[in-house]
Amino acid sequence: LLALAPGETYAPGKWNVSPNGKADGPTARTAGTGFTLTVKAVDPYYNTWTDANPTVTVATNDIYAADPAPKALTAGSTTFTLTLYTRTTDAATVTATAGVFTAGASTGIPVNAAPPSRLLVLLPGESREEGKWNVSPNGKTGTPNPQVVGSTVTVTVAAADAYWNAVSTNTSVTVTASEATASVLLSPKSLDLVPGTTTFQI
């Protein structure tokens, strides 16, 4: 099988030069925006095998993306719509499988963050997890560490897109605490995100 992401061009007969069966590289996607993946059944020399119409399963390595339903090829080819959510420079891949056929994989797909839309707050013990938009706690893993009364806690505030990916912005952020006796040890209690993140002492 041959998997072609947007930006990759089908190159039949290209069996002895990498990347086999294709030219050019994937164009960057935006997190949360769907795109079309083309899958072809090919012979050992990457010519389309129009008589081969197996049912193909497509999977992505983005753990927060939903894989599309399997689909049979028609005249040796079909398309799938996918949506990736985790920002990455070139590590997103999509793999197509079908029975005894050799699996086909896209070249690494860059995924850019969507526009900034929310803030992520991290306490000691919590770590950022980009793309984690559909599993609680959103945008992070871990649980806050217990703190001693009267001790100072470092709070990290970071800008994120709708899918909790890191974004660069210089927006001014103000921090408040719900506990009446707590104080933000900064004057003023607002800081700019540079670039997209800052810390407060509480």
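Thr156 first: across in β19, its bridge partner is Thr199. Two strands pair if DSSP finds at least two bridges between them. Strands here are DSSP runs of E, at least two residues long, and helices are runs of H or I, at least four, all numbered from the N terminus.

A word on the source. This is a predicted model, where local features need pLDDT of at least 70, side-chain atom pairs count only at pLDDT 80 or more, and totals for chains, interfaces and linings use all residues. Residues are numbered from 1 along each chain as its sequence is written, and side-chain values use heavy atoms, with hydrogens and water left out.

Back to the sheet. The strand order is β13-β16-β19, three strands, open, with antiparallel pairing. The edges are β13 (118–122) and β19 (197–201). Each has a single partner strand, so one side of each is left without a neighbour in the sheet. From one strand to the next, the twist averages 25°. For that angle, axes are lines fitted to C-alpha atoms, for helices over the stretch in contact, and angles run from 0 to 180 degrees between N-to-C directions.

Next, strand β6, residues 55–60. Which residues make its covered face? Val56, Val58 and Thr60 do, while Thr55, Thr57 and Ala59 form the uncovered one. In general, side chains in a regular strand alternate between the two faces of the sheet.

β6 pairs with strand β7 (residues 71–72), antiparallel, over two bridges. There, Val56 has Lys71 as its bridge partner. β6 also pairs with strand β10 (residues 94–97), again antiparallel, over four bridges. Ala59 has Thr95 of β10 as its bridge partner.

Between β6 and β7 runs a loop, and Ala69 lies in it. Ala69 counts as exposed, at 57% relative accessibility. The cut-offs: buried is under 20% relative accessible area, exposed is over 50%, partly exposed is in between, with a 1.4 Å probe and protein chains only.

Now salt bridges. The test is a side-chain nitrogen of Lys or Arg within 4 Å of a carboxyl oxygen of Asp or Glu. How many does the whole structure hold? The search finds three.

Take Glu8 and Lys22. Their closest N and O atoms are 3.3 Å apart. Glu8 sits in the loop between β1 and β2 (9–10), Lys22 in strand β3 (residues 22–23), so the pair links distant parts of the chain, 14 residues apart. Buried or exposed? Glu8 is buried, at 9% relative accessible area. Lys22 is buried too, at 3%.

Then Arg87 and Glu130, with closest N and O atoms 2.7 Å apart. This pair also links distant parts of the chain, 43 residues apart. Arg87 is in the loop between β8 (77–83) and β9 (88–92), and Glu130 is in the loop between β14 (126–128) and β15 (140–142). Arg87 is partly exposed at 35%. Glu130 is partly exposed at 21%.

Glu126 is in strand β14 and Lys140 in strand β15, 14 residues apart. Both Glu126 and Lys140 are buried.

On to the backbone. Most residues other than glycine have a negative phi, and most peptide bonds are trans. The bond from Ser18 to Pro19 is cis, with omega near -5°. Pro19 lies in the loop between β2 and β3. Ser136 and Pro137 are also joined by a cis peptide bond, omega about -5°. Pro137 lies in the loop between β14 and β15.

Two residues to check for positive phi. Asp24 has phi near 65°. Asp24 lies in the loop between β3 and β4 (29–30), and is exposed, at 54% relative accessible area. Tyr46 has a positive phi of about 65° without being a glycine. Tyr46 is in the loop between β5 (34–40) and β6.

Tyr46 brings us to the second largest pocket. Its lining has 14 residues, with Leu1, Val42, Tyr46, Thr102 and Ala103 nearest the centre. The pocket search uses a 1 Å grid over the protein atoms alone. A pocket is an open set of points with protein on both sides within 12 Å along at least five of seven lines, whereas a cavity is a set where a 1.4 Å probe fits but cannot get out. Lining residues have an atom within 4 Å of a point.

The space in this pocket is about 210 Å³. That volume is the space filled by probe spheres set on the points, which are joined across faces, edges and corners. β1 (2–4) and β11 (104–105) each give the lining at least two residues. By class, the lining has nine nonpolar, four polar and one charged. Nonpolar means Ala, Val, Leu, Ile, Met, Phe, Trp, Tyr, Cys and Pro; charged means Asp, Glu, Lys and Arg; the others, Gly among them, are polar.
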